[in-house]
Amino acid sequence: MSQFSTLGINTFGVDHACKSISTAYNVTQLTELLRRLRDPVIIGGGSNVLFTRDIDRPVILIEIPGIDIVGESVSHVMVRAGAGIQWHRLVQWAVSQDYGGIENLSLIPGKCGAAPMQNIGAYGVELKDVFVDLDAIAISGKMRRKFTAEECDFGYRHSVFKSALRDEYIITHITLKLTKPGHHFFALDYGAIRDELDARKVKNPEVAILSRVISDIRRSKLPDPTDLPNAGSFFKNPIISLSVYHSIAAKYERVPHYPVDEEHVKVPAGWLIERCGWKGKREGMVGTHVEQALVIVNYGTRDGSHILAFSKKVAEAIKRTFDIDLDREVNLF
Ligand code: FAD
Ligand code: NAP
């Protein structure tokens, strides 16, 4: 059995063996590692992965640093960040400069390199709203290339790196376009943001205030993985046809739903899980969070297969009750 363990590299707190763990601090080191290691698993902050068994693969941790302004106009700055920068550190840096655009994405765990993977999103903003391009290196280590936003094929918690190009490229840098003071455009229409601003008597929001408000809302609702291991939302919110929505609405009162296009709506998976009686439910060492049913939490197992088995029961309950297939957001290894 390998001496290397996944324990310190995933926020679910599961402990499985892997072949080796190496760290890349720059692109040259990464290229070198890719030349030596076959079929590596790439890990940033490990906040969106579930190891379900021992893996006979090497792990590469991405720690490429750097936050640099690489372009500027009257209204915007172009900021390039290394894949190893903690996402929230980039947000804090932007806040400190009064650059706008990513304040609604405050406190999302993980690294900048993983942000394009699922087009991270929260509180009405997605990475794609500020994204310019990214630099990547082929998993063979033999080719570097840039991807524009269009080439990333961003969608709802989706990109080309989660589908057609899964396991093909490693992201080394991302470049974002942020607004300068006087040119900010705040997204305030989501959930509790306006209520919270009103409660704090804020008439004219600023980047820093919004970041603080969103951080406070998140801290009050979401389990901190260092206290209660988890990987955030385990499933995506399903996008369903209007006819499926109407059949649910005929049986249940006030079904929360958000328009996607003329024929589809998005329904919070957390609501579906709650209606099936699975909110706050615990089986052995795994459960759904008492406040947010979409977050599966680990009460003490070191075996990721227990978490996977529990998640399958949740998904089966949704299928039985609503005939809706939940898609996993978390990446399995
Ligand atoms: P990891 O978990 O390390 O990796 C995720 C996937 O990306 C894996 O498949 C991995 O192989 C791949 N990957 C990682 N780095 C690279 C790279 N450089 N190049 C290529 N592939 C790579 N997500 C949201 O979108 N919005 C939220 O509001 C949100 N809230 C969260 C709250 C909590 C408490 C937690 C625990 C998670 C939350 N997440 C959220 C999920 C997670 O934080 C994000 O998906 C984040 O971007 C994952 O970053 P990471 O570095 O931890 O990725
Ligand atoms: P919430 O405010 O309780 O809302 C529940 C769900 O309804 C959200 O997931 C959201 O979908 C949807 N929603 C609410 N208001 C909406 C609006 N005005 N327009 C469109 N959709 C709306 O959610 P929460 O659990 O506290 O999370 C708050 C935000 O943080 C959400 O954006 C959520 O995605 C994000 N978050 C993500 C993760 C993760 O791991 N991916 C974990 C925690 C929080 P969306 O998810 O599409 O926004």
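A polar contact is a pair of N or O atoms within 3.5 Å. The legends below describe close-up views of a predicted model.

**View 1. Polar contacts of ligand 2 with protein side chains.** An N or O atom in the side chain of Gln-292 is 2.4 Å from an oxygen atom of ligand 2. Lys-221 places a polar side-chain atom 2.8 Å from an oxygen atom of ligand 2. For Tyr-190, the distance from a polar side-chain atom to an oxygen atom of the ligand is 3.2 Å. On its own, ligand 2 exposes 790 Å², of which the protein buries 78%.

**View 2. The shell around ligand 2.** The shell holds 17 residues, and those that come nearest are Arg-157, Ser-233, Lys-266, Gln-292 and Glu-329. By class, seven of the shell residues are nonpolar, four are polar and six are charged. Helix H5 (207–221) and strand E14 each contribute at least two residues to this shell.

**View 3. The open sheet that contains E14.** Four strands form an open sheet in the order E14-E20-E19-E18, and their pairing is antiparallel. E14 and strand E18 (282–283) are the edge strands, each with a single partner, so one side of each has no neighbour in the sheet. The pairing of E14 with strand E20 (residues 295–298) is antiparallel and runs over two bridges. Ser-233 has Val-295 of E20 as its bridge partner. Ser-233 is also among the residues that come nearest to ligand 2.

**View 4. Backbone contacts of ligand 1.** A polar backbone atom of Gly-121 lies 2.8 Å from a nitrogen atom of ligand 1. Lys-111 has a backbone N or O atom 2.8 Å from an oxygen atom of the ligand. For Pro-109, a backbone N or O atom is 2.9 Å from an oxygen atom of ligand 1. Taken alone, ligand 1 exposes 980 Å², and 94% of that is buried by the protein.

**View 5. The shell around ligand 1.** Ligand 1 is surrounded by 31 residues, the closest being Ile-42, Gly-44, Gly-45, Ser-47 and Gly-121. The shell divides into 16 nonpolar, twelve polar and three charged residues. Four strands each supply at least two of its residues: E4 (41–43), E9 (121–122), E13 and E14 (230–233). E14 also supplies at least two residues of the shell around ligand 2.

**View 6. The second largest pocket.** The volume of the second largest pocket is about 250 Å³. It is lined by 14 residues, and Gly-101, Val-125, Asp-129, Val-130 and Phe-185 are the closest to its centre. Strand E13 (residues 169–179) provides the largest share of the lining, three residues. The lining consists of five nonpolar, six polar and three charged residues. E13 also supplies at least two residues of the shell around ligand 1.

Conventions
Residues numbered from 1 in each chain as written. Chains lettered and ligands numbered in written order. Predicted model: local features only at pLDDT ≥ 70, side-chain atom pairs only at ≥ 80, totals over all residues. Heavy atoms only, no water. 1 Å grid on protein atoms, 1.4 Å probe; cavity = no way out; pocket = protein on both sides within 12 Å on 5 of 7 lines; lining within 4 Å. Points joined across faces, edges and corners; volume = space filled by probe spheres on them. Nonpolar A, V, L, I, M, F, W, Y, C, P; charged D, E, K, R; others polar. Near = heavy atom within 4 Å. Polar contact = N/O pair within 3.5 Å; in protein donor to acceptor, adjacent residues only side chain to side chain. Areas by Shrake-Rupley, 256 points an atom, 1.4 Å probe, with all protein chains shown as cover. Pairing = 2+ DSSP bridges.
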